[in-house]
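Morning, everyone. I have one structure to go through today, and I will keep it short.

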Amino acid sequence: MNTEIAGTTELTESSRRSRPKAFTVVAARDGRTAAPLNIVGEETLVKVSAEDSEETLAFFHLVAPPMSGPPRHVHTREDELFYVLEGELVFELDGERHTVRAGDTVYLRRGVVHAYQNFTTSDARLLIATVPGMFSGFFVELSAVTPLGGLPPLDKLDAISTKYGMTMLGPPMFE
């Protein structure tokens with residue numbers, strides 16, 4: 001028997017395990033994890049997880065404090081889209097520097113070496129989408145091994161990165 005409940009169809013137990021809800025609504029200050037994630041010092045909310053999208057998409061909201069940003073890295077599995085909501089970030093994309101401000105978009109195909117840094121004195125806010133969506137697991141696992149206010153141990157960062165098809169290449173090449 002099928003019953004419509006909150007945007008999903010209630011099916012048999014075996015069907016329910018393999019089928020996500022047809023839609024997900026997440027409030028502005030909420031995420032799909034129990035608490036915000038700490039990704040290299042940036043508060044990260046998972047807005048759409050791999051489980052929500054049958055692994056087709058992951059979507060995140062990040063707050064990048066002054067002087068924060070990920071190390072240079074490259075994805076072998078995901079394309080990435082960045083949309084800056086507020087503030088200014090400097091992106092390094094395959095060795096080229098680009099200043100990106102509120103309203104600007106950066107799209108990267110997998111294989112592009114990249115990093116960004118907030119060189120300003122104010123927080124930047126940005127949205128990130130990854131396709132496919134398994135990447136949300138990377139953020140969850142990385143946050144679990146990152147101490148509050150610190151960076152993850154390098155051996156853990158390398159192990160989790162390798163699991164998700166990423167290579168860390170070190171700090172950005174910013175002057």
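Residues are numbered from 1 along each chain as its sequence is written, and side-chain values use heavy atoms, with hydrogens and water left out.

Confidence. The average pLDDT, the predictor's confidence in each residue from 0 to 100, is 87 for the protein, and 87% of the residues score at least 70. Residues 1–16 have a pLDDT below 50. That stretch has 20 contacts in the model beyond near neighbours in sequence, a contact being heavy atoms within 4.5 Å. Where pLDDT is low, the predicted coordinates should not be read in detail.

The core. A nonpolar core here is a set of buried Ala, Val, Leu, Ile, Met, Phe, Trp, Tyr and Cys residues joined through side-chain atoms within 4.5 Å; buried is under 20% relative accessible area, exposed over 50%, partly exposed in between, with a 1.4 Å probe and protein chains only. The largest one has 30 residues. Those touching the most other members are F60, F82, L89, F91, Y116, L126 and F138. Strand β5, residues 58–64, gives the largest share, four residues. Helices (H or I, at least four residues) and strands (E, at least two) are DSSP runs, numbered from the N terminus.

Now helix α2, residues 136–144. Which of its residues are buried? S136, G137, F138, F139, L142 and S143. The cover over them includes β3 (37–39), β4 (42–48), β5, α3 (154–163) and β13 (166–170).

Pockets. A pocket is an open set of points on a 1 Å grid over the protein atoms alone, where a 1.4 Å probe fits, with protein on both sides within 12 Å along at least five of seven lines; lining residues have an atom within 4 Å of a point.

The largest pocket is lined by 16 residues, and V40, G69, P70, P71 and L151 are the closest to its centre. α3 supplies the largest share of that lining, three residues.

The second largest pocket is lined by A28, R29, P36, E43, L45, K47, H61, V63 and R125. β4 gives the most to this lining, with three residues, and β4 and β5 each supply at least two.

Conventions: Predicted model: local features only at pLDDT ≥ 70, side-chain atom pairs only at ≥ 80, totals over all residues.
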